[in-house]
Amino acid sequence: MSEELARCVGVSRTYGQGTAAVVAVHSLDCAVRPASRVALTGRSGSGKSTLVHLLAGLDQPTTGEVSWPGLGGAPTGRPGVVGVVFQGPSLLAPLDVAENVALPLLLAGVRPADADARAGDALRRAGVADLAGKLPEELSGGQAQRVAVARVLASAPRLILADEPTGQLDAAHRDEVVTLLIEAAEELRAGLIIATHDARVADRLPQRWIMDDGRLQEVRQAC
Ligand SMILES: Nc1ncnc2c1ncn2[C@@H]1O[C@H](COP(=O)(O)OP(=O)(O)OP(=O)(O)O)[C@@H](O)[C@H]1O
């Protein structure tokens, strides 16, 4: 069995306190490996985004432990280790597309010329090189999401997490974005988790984690 990129042991995450407390994730165990290709499904409010944030190191569990044994520790503050594609527009408005894709690399200390080259390459692979000079406000939803995927590709992460990456896209763009994510995971030998409501997206992935009221209800391995 291959190394575990991320692992949750007895993880719970409670928001709020007292009578207002909401247990978003409840006593959850899971592991993500380089070969993981997981559709994380479940109804709205079942805890999918919370789990994605915990696995990304963007949030901490209330109890239990999230660890990243195969990533050399928590990804927090280490750009390029974990790549996250969010549901909504996540591009910085004042920066053009190329600058948006290069920014995480610059923050990680990559030299500007190298960051520009890697950003250009990622935009080409995502099929949006012609948009390099455009501002986010000039992009369609599908174009913006492909740029967001390019930004993840550019940093060559070992773990790719996508939270409803196709929620605002039509069928053609939805399929393109999912294909891009799967191809990127294969190329980078990265683990991939896509949180989605969309059965057509989930069916593209061989593994299924089903969240139900904060619990990981069923882990189905389709192939
Ligand atoms: N910052 C927060 N403060 C309080 N409650 C929160 C917060 N974030 C999430 N919750 C609650 O935690 C539960 C799980 O939310 P989460 O966003 O993880 O679910 P989800 O499955 O991703 O939902 P959706 O599919 O609608 O995005 C919900 O009841 C939600 O209202």
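Residues are numbered from 1 along each chain as its sequence is written. Because the model is predicted, local features need pLDDT of at least 70 and side-chain atom pairs count only at pLDDT 80 or more, whereas totals for chains, interfaces and linings use all residues. Helices (H or I, at least four residues) and strands (E, at least two) are DSSP runs numbered from the N terminus.

The shell around the ligand holds 13 residues, of which Tyr15, Ala24, Ser44, Ser49 and Thr50 come nearest; a residue is near a molecule or strand if its C-beta atom, placed from the backbone, lies within 6 Å of it. The largest share, three residues, is that of α1. By class, four residues of the shell are nonpolar, eight are polar and one is charged. In this classification Ala, Val, Leu, Ile, Met, Phe, Trp, Tyr, Cys and Pro count as nonpolar, Asp, Glu, Lys and Arg as charged, and the others, Gly among them, as polar.

Two packed helices are described by the angle between their axes and the distance between the axes. The axes are lines fitted to C-alpha atoms, for helices over the stretch in contact, and angles run from 0 to 180 degrees between N-to-C directions. Angles under 35 degrees count as roughly parallel, over 145 as roughly antiparallel, 65 to 115 as roughly perpendicular and the rest as oblique. Two residues are in contact if their C-beta atoms, placed from the backbone, lie within 7 Å.

A residue is buried if 20 or more other C-beta atoms, placed from the backbone, lie within 10 Å of its own, exposed if 12 or fewer, and partly exposed in between. Against helix α3 (residues 112–125), α2 packs at an angle of about 125 degrees, the axes being 8 Å apart. The arrangement of α2 and α3 is therefore oblique, and the crossing is right-handed. A crossing is left-handed if the near helix is turned anticlockwise from the far one by less than a right angle, and right-handed if clockwise. On the α2 side, Val97, Ala98, Val101, Ala102, Leu105 and Leu106 meet Pro112, Ala115, Asp116, Arg118, Ala119, Gly120, Ala122 and Leu123 of α3. This contact comprises 11 nonpolar, one polar and two charged residues.

Not counting residues up to four places away in sequence, alanine 102 touches Ala115, Asp116 and Ala119. Alanine 102 and proline 112 are 10 residues apart in sequence and 8.2 Å apart in space, C-alpha to C-alpha. Just after α2, glycine 109 adopts a positive phi of about 95 degrees.

The axes of α2 and helix α4 (residues 141–154) come within 9 Å and cross at roughly 30 degrees; the two helices are therefore roughly parallel to each other. The crossing of α2 and α4 is right-handed. Here Val97, Asn100, Val101, Pro104 and Leu105 of α2 meet Val147, Ala150, Arg151 and Ala154 of α4. Seven nonpolar, one polar and one charged residues form this contact.

Helix α4 also packs against helix α5 (residues 171–188), at an angle of about 5 degrees and with the axes 10 Å apart, so α4 is roughly parallel to α5. Gly142, Gln145, Arg146, Val149 and Leu153 of α4 meet His173, Glu176, Val177, Leu180, Leu181 and Ala184 of α5. The residues of this contact divide into six nonpolar, three polar and two charged. Threonine 179, also placed in α5, counts as exposed because it has 11 C-beta neighbours inside 10 Å. Threonine 179 and proline 112 are separated by 67 residues in sequence and by 29 Å in space, C-alpha to C-alpha.

Most residues other than glycine have a negative phi. Glutamate 164, although not a glycine, has a positive phi of about 50 degrees. This glutamate 164 lies in the loop between β6 (159–163) and α5 and is buried, with 20 other C-beta atoms within 10 Å. Aspartate 213, likewise not a glycine, has a positive phi of about 55 degrees. Aspartate 213 is found in the loop between β8 (207–212) and β9 (215–221) and is partly exposed, with 14 other C-beta atoms within 10 Å.
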